[in-house]
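Good morning, and thank you for the time. Please keep the structure in view as I speak.

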Amino acid sequence: MTSKYEQVKKDFLSGRIKGCKNFFEKNKNYVEAGYCNIILDNLKQANEDFDKAISDNIRAHWGKLLIQMITGQISSAPTYFEIRNFLEIDLSILITYCKGDYIEKIIRYADFMAFYNMECYKFIGRVFWAHNLMPASMFFLERAKEKLYKDPELHYQLAYIYYDKQKDTKLAQKELETCLNILPEYAPATSLLKKINSLK
């Protein structure tokens, strides 16, 4: 049976924020309340929420950094794992709530984040792809390719986009071959290449 907390969290992640902040505050879910306050443009309160949780929740530290990027006042640095675990999810939340101004401010710090985790370009590109924002997605995935040429997952993702979105099987095949040269046993690439070859 789904707990009340899980249901409210699901509502928030789905774009249904009504009642979520009050529930999280009442139950001392300070990180979740902080995210609600970001969406509601209450950045000062969000920062205070994260402060309440920072001693025992690593996401609170990341939440504070998120606010720093939004306000352009960086005073701390992310960790490799914070970027890997939270960047993609949080950009998705902001896209769900149409917070384009916040997204624009955060992705301006892509190079800053890349210093701590080079995969950030891939994460940003992937979340834009998931929301069908293809020009932005391709910009960051191509940037990732410049930095992470030996990443088989990245080549597969580009191949899938070329195949599925752009209907360009030649470019897709080229990326798949690069992927399989790096990692010959990469099953998703092998499967997609077979599918493309069957169309010829």
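The structure holds 14 salt bridges. Please bear in mind that this is a predicted model. As a general point, side chains of opposite charge can pair when their charged atoms come close.

Let me begin with Glu88 and Arg126, whose side chains meet in a salt bridge at 2.8 Å, N to O. This pair links distant parts of the chain, with Glu88 in helix 6 and Arg126 in helix 9, which covers residues 120-130; the two are 38 residues apart. Is Arg126 buried or exposed? Its relative accessible area is 18%, which is under the 20% limit, so Arg126 counts as buried.

A further salt bridge joins Lys122 to Asp151, and here the closest N and O atoms are 2.7 Å apart. Lys122 lies in helix 9, whereas Asp151 sits in the loop between helix 10 (134-147) and helix 11 (152-164), so this pair ties together parts that are 29 residues apart in sequence. Both Lys122 and Asp151 are buried.

Arg126 also has a salt bridge with Glu153, with the closest N and O atoms 3.0 Å apart. Again the pair links distant parts of the chain: Glu153 belongs to helix 11 and Arg126 to helix 9, 27 residues apart. Glu153 has a relative accessible area of 30%, and it therefore counts as partly exposed, a class that lies between the 20% and 50% limits.

Which residues do salt bridges with shared partners join into one network? They are Glu88, Glu119, Lys122, Arg126, Asp151 and Glu153.

Gln157 is found in helix 11. Leaving aside residues up to four places away in sequence, Gln157 touches Lys122, Arg126, Trp129 and Leu141. Its relative accessibility is 5%, so Gln157 counts as buried.

I turn now to the fold as a whole. The chain has 13 helices and 0 strands. Buried residues make up 46% of its 200 residues. Along its principal axes, the C-alpha trace spans about 60 × 40 × 30 Å. Of the contacts between residues at least 6 apart in sequence, 50% join residues at least 24 apart.

Next comes the nonpolar interior. In soluble globular proteins, nonpolar side chains tend to be buried together. In this model, the largest nonpolar core has 65 residues. Which of them have the most contacts inside that core? They are Phe12, Ile38, Trp62, Leu87 and Ile106.

Let us look at Ile38 as an example. When residues up to four places away in sequence are not counted, Ile38 touches Leu43, Ala46, Phe50, Leu66, Ile67, Ile70, Leu94, Lys99 and Tyr102.

Phe12 brings us to another feature, for it is also one of the residues that line the largest pocket. About 190 Å³ of space lies in this pocket. Its lining consists of Tyr5, Lys9, Phe12, Leu13, Phe24, Val31, Glu32, Tyr35, Asn57, Arg59, Ile89 and Ile93. Two or more of these residues come from each of helix 1 (4-13), helix 3 (30-39) and helix 6 (80-96). Which element gives the largest share of the lining? That is helix 1, with 4 residues. By type, the lining divides into 8 nonpolar, 1 polar and 3 charged residues.

My last topic is the backbone. Most residues other than glycine have a negative phi. Lys28, however, has a positive phi of about 60 degrees although it is not a glycine. Where does Lys28 lie? It is in the loop between helix 2 (20-26) and helix 3. With a relative accessibility of 59%, Lys28 counts as exposed, because the limit for that class is over 50%.

Lys167 also has a positive phi, near 55 degrees, in a residue other than glycine. Lys167 lies in the loop between helix 11 and helix 12 (169-182). Its relative accessibility is 62%, so Lys167 counts as exposed.

Thank you for your attention.

Notes:
Residues are numbered from 1 along each chain as its sequence is written. This is a predicted model: local features need pLDDT of at least 70, side-chain atom pairs count only at pLDDT 80 or more; totals for chains, interfaces and linings use all residues. Side-chain values use heavy atoms; hydrogens and water are left out. On a 1 Å grid over the protein atoms alone, a cavity is a set of points where a 1.4 Å probe fits but cannot get out, and a pocket is an open set with protein on both sides within 12 Å along at least five of seven lines; lining residues have an atom within 4 Å of a point. Grid points are joined across faces, edges and corners, and a volume is the space filled by probe spheres set on the points. Ala, Val, Leu, Ile, Met, Phe, Trp, Tyr, Cys and Pro count as nonpolar, Asp, Glu, Lys and Arg as charged, and the others, Gly among them, as polar. A salt bridge is a side-chain nitrogen of Lys or Arg within 4 Å of a carboxyl oxygen of Asp or Glu. Buried means under 20% relative accessible area, exposed over 50%, partly exposed in between (1.4 Å probe, protein chains only). A nonpolar core is a set of buried Ala, Val, Leu, Ile, Met, Phe, Trp, Tyr and Cys residues joined through side-chain atoms within 4.5 Å. Contact means heavy atoms within 4.5 Å.
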